[in-house]
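Please examine the structure shown below. The paragraphs that follow treat its salt bridges and then the surroundings of its ligand.

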Amino acid sequence: MGERWRIEVDRDVCIGSGMCAATAPDGFRLDSARRSRPLAGERDPDEQVLTAAENCPVEAITITLAGTGEEVFPPEE
Ligand code: SF4
């Protein structure tokens, strides 16, 4: 425990479905260009944010450990 997550959204991949903001309203918000932005670049591990990343239809969301860069989602092969 104690490890922080780094959240990133690839805006070139995001199609603005809004699914992530609906799943994790305190994790993501759509901007005026209808692209998702993480509300915090780093945050404590959050089940809703992970679910949002898993359910993004185009896999635009990546989660890594802030300290080591190790992949949380998508998981390393
Ligand atoms: S779920 Fe994926 S495609 Fe939809 S707004 Fe979020 S990041 Fe973009």
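A network of salt bridges links R11, D31 and R37; a salt bridge here is a side-chain nitrogen of Lys or Arg within 4 Å of a carboxyl oxygen of Asp or Glu. The model is a predicted one, in which local features need pLDDT of at least 70 and side-chain atom pairs count only at pLDDT 80 or more, while totals for chains, interfaces and linings use all residues. Residues are numbered from 1 along each chain as its sequence is written, and side-chain values use heavy atoms, with hydrogens and water left out.

Helices (H or I, at least four residues) and strands (E, at least two) are DSSP runs, numbered from the N terminus. D31 has a relative accessibility of 17% and counts as buried, whereas R11, at 31%, is partly exposed. Buried means under 20% relative accessible area, exposed over 50%, and partly exposed in between (1.4 Å probe, protein chains only).

In the whole structure, a search finds six salt bridges. One of them joins D26 and R43, whose closest N and O atoms are 3.8 Å apart. This pair also links distant parts of the chain, 17 residues apart, with D26 in the loop between α1 and β2 and R43 in strand β4 (residues 42-43). D26 is partly exposed at 43% relative accessibility, while R43 is buried, with a relative accessible area of 13%. R43 meets D46 as well, in a salt bridge of 3.1 Å from N to O. D46 counts as buried, at 16% relative accessibility.

The ligand presents another setting. Which residues are closest to the ligand? They are C14, S17, G18, C20 and C56, among the 14 residues that surround the ligand, each having a heavy atom within 4 Å of it. This shell divides into ten nonpolar residues, four polar and no charged. Ala, Val, Leu, Ile, Met, Phe, Trp, Tyr, Cys and Pro count as nonpolar, Asp, Glu, Lys and Arg as charged, and the others, Gly among them, as polar.
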